[in-house]
Amino acid sequence: MGEIIQEESHKKGGKRKAKKHSTRIDMTPMVDLMCLLITFFMLTTAFSKPKVMEITMPEPPKPGDPPPPSVPAFRTLNIILADNDRIYYYVGIANPKKPPLPQLFKTDFSKNGIRKILLLGFEDKTVGLKLSGNRELFTKIAEYREKRLKGQIVDADSIANKKIREFKKQDRKGPIVLIKAGDKVKYKNIVDIVDEMAITNIASYAIVDINFVELDMLKTAPK
Amino acid sequence: MPKIKQPVKSPHIDMTPMVDLFSLLLTFFMLTTSFRPQEAAIIDTPTSISEKQSPDKNIMTIEVSKDGLVFFNIDNGRDTTTHFRADILKEMAKRYNIVLTPKELLNFGRLASFGVPMKSMKTWLNIDPGKRMKLETGIPMDSLDNQLGYWIRYSRLANPDAEVAIKGDADAEYKVVKKIMDLLQDNKVHKFNLTTTLVKDEVLLSDVK
């Protein structure tokens with residue numbers, strides 16, 4: 001690629017001609033350098049900015065605030081996380097004054113684990129427990145999203161978010177999830193379970209402190 | 001028959017369009033690149049389906065390493081005339097009776113996340129950057145010496161618009177993160193971001209039927 005600048009040979013006896021330089025500039029080194037720089041910038045550029053998951057914690061009640069609306073027990077799904085990626089759930093409220101205490105069920109973080117319970121609910125005939133899942137709300141939101149994706153509904157992102165929030169507000173059937181973490185729980189598990197709430201479009205969930213009754217229940221729970 | 005003379009082609013290739021394109025690309029990459037500041041600890045974030053992008057300005061980041069050490073970072077804001085970092089450090093120094101020179105404050109303004117207790121802050125600022133790692137023992141946040149709480153408070157006072165992000169290692173203990181969340185709630189931050197890595201995962205409509 002290098003250009004050889006040919007020098008005019010001097011003719012003997014002739015007039016001394018001024019050296020004629022080629023008008024072309026050898027661009028090879030420049031191109032080399034540019035290639036290098038481009039490669040460097042391409043490799044160092046971080047195109048993928050970190051993503052964040054938004055989470056809102058309940059504000060502690062101020063004096064004078066109206067008491068929080070009571071949560072129907074049959075809709076309450078308590079998820080208890082424990083060490084070694086263990087995950088348990090029970091329905092209702094664990095009140096030591098009103099025995100028997102609810103039974104802890106063990107599940108896992110897989111697709112057929114907690115997600116199935118959140119979406120499809122579960123039923124335990126021996127104790128007569130029934131929890132309806134979030135199927136209705138999930139279908140509603142998923143259908144809306146699909147229609148938007150196909151172009152059947154044309155809504156801006158802000159309107160779409162508003163509508164989805166409205167769907168969630170109107171929901172009266174889906175579970176109300178309380179997430180509680182025992183000792184030595186990894187941060188990963190909390191993020192996973194909150195993420196699961198987002199995947200299954202749960203309308204209302206909160207991360208709350210675990211209480212001593214539940215800690216006791218954990219001790220006797222199946223490993 | 002005379003031979004047909006093959007025209008001698010010049011071996012030169014015209015590189016001008018290539019150079020043009022290269023300069024364009026180069027300019028693009030140079031302008032879009034924002035160098036990632038050196039991080040105080042290697043943090044492997046957990047995964048989620050969230051696609052919300054983390055804001056690059058006006059953000060307070062609290063990092064939790066795998067061993068539960070806490071690091072803090074806040075930027076100087078979108079406006080180049082604001083010096084939030086220096087202001088915050090000045091308040092912190094006043095609180096812990098440490099005298100810092102204007103040069104040290106300026107130097108702090110240019111740095112990113114840190115995990116040093118206030119007592120070694122001065123040494124940390126003046127030491128060779130390669131040796132800083134040794135001083136990073138995490139910001140204390142127990143009830144006796146709650147420095148993180150003060151960092152959050154002064155940051156909130158200096159820049160109330162800053163969003164809060166918690167960047168925890170997947171294997172960090174939730175207990176530490178919980179403590180940070182409580183501290184944030186004490187400082188009237190009820191909405192915060194958890195930094196995660198995007199991994200697609202969804203339930204199909206056919207799965208629930």
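Student: How many salt bridges does the rule find across the interface of chain B and chain A?

Tutor: This is a predicted model, and in it the rule finds four salt bridges across the interface of chain B and chain A.

Student: Which residue of chain A meets B:D201 in a salt bridge?

Tutor: That would be A:R115, whose side chain meets the side chain of B:D201 with 2.7 Å from N to O.

Student: And which elements give two or more residues to the side of chain B that touches chain A?

Tutor: In chain B they are the helices α1 (16–32), α7 (174–186) and α8 (205–208), together with the strands β1 (47–48), β2 (52–53), β5 (163–168) and β6 (191–198). The largest share of that side comes from α1(B), which gives 10 residues.

Student: What kinds of residues are on that side of chain B, nonpolar, polar or charged?

Tutor: The side of chain B that touches chain A divides into 26 nonpolar residues, 15 polar ones and 12 charged ones.

Student: OK, how many residues does the contact take from each chain?

Tutor: The contact takes 53 residues from chain B and 54 residues from chain A, and the area buried between the two chains is about 5200 Å², with carbon and sulfur atoms giving 70% of that area.

Student: Which strand of chain A is joined to β2(B), and do they run parallel or antiparallel?

Tutor: Strand β1 of chain A, residues 51–56, is joined to β2(B) by two bridges, and the strands run antiparallel. Within this pairing, A:K51 has B:Q53 in β2(B) as its bridge partner.

Student: Back to A:R115, what salt bridge does A:R115 form with a residue of chain A?

Tutor: A:R115 forms a salt bridge with A:E196, and the closest N and O atoms are 2.4 Å apart. This pair links distant parts of the chain, since A:R115 lies in helix α2 (residues 114–120) of chain A and A:E196 lies in helix α5 (residues 187–199) of chain A, 81 residues apart.

Student: New topic: how many aromatic pairs are there over all chains?

Tutor: A search of the whole structure finds 12 aromatic pairs. One of them is formed by B:Y96 and B:Y150, and is edge-to-face, with 6.4 Å centre to centre and 80 degrees between the planes.

Student: Where do B:Y96 and B:Y150 sit in the chain?

Tutor: B:Y96 is in the loop between α2 (84–95) and α3 (102–110) of chain B, while B:Y150 is in helix α6 (residues 147–158) of chain B, so that the pair links distant parts of the chain, 54 residues apart.

Notes. Residues are numbered from 1 along each chain as its sequence is written. Chains are lettered from A and ligands numbered from 1 in the order in which they are written. Side-chain values use heavy atoms; hydrogens and water are left out. Contact means heavy atoms within 4.5 Å. Buried area is the accessible area (1.4 Å probe) that two parts lose on being put together, summed over both. Helices (H or I, at least four residues) and strands (E, at least two) are DSSP runs, numbered from the N terminus. Ala, Val, Leu, Ile, Met, Phe, Trp, Tyr, Cys and Pro count as nonpolar, Asp, Glu, Lys and Arg as charged, and the others, Gly among them, as polar. Two strands pair if DSSP finds at least two bridges between them. Rings of Phe, Tyr and Trp (its six-membered ring) pair if their centres lie within 6.5 Å; planes under 30 degrees apart count as stacked, over 60 as edge-to-face and the rest as tilted.
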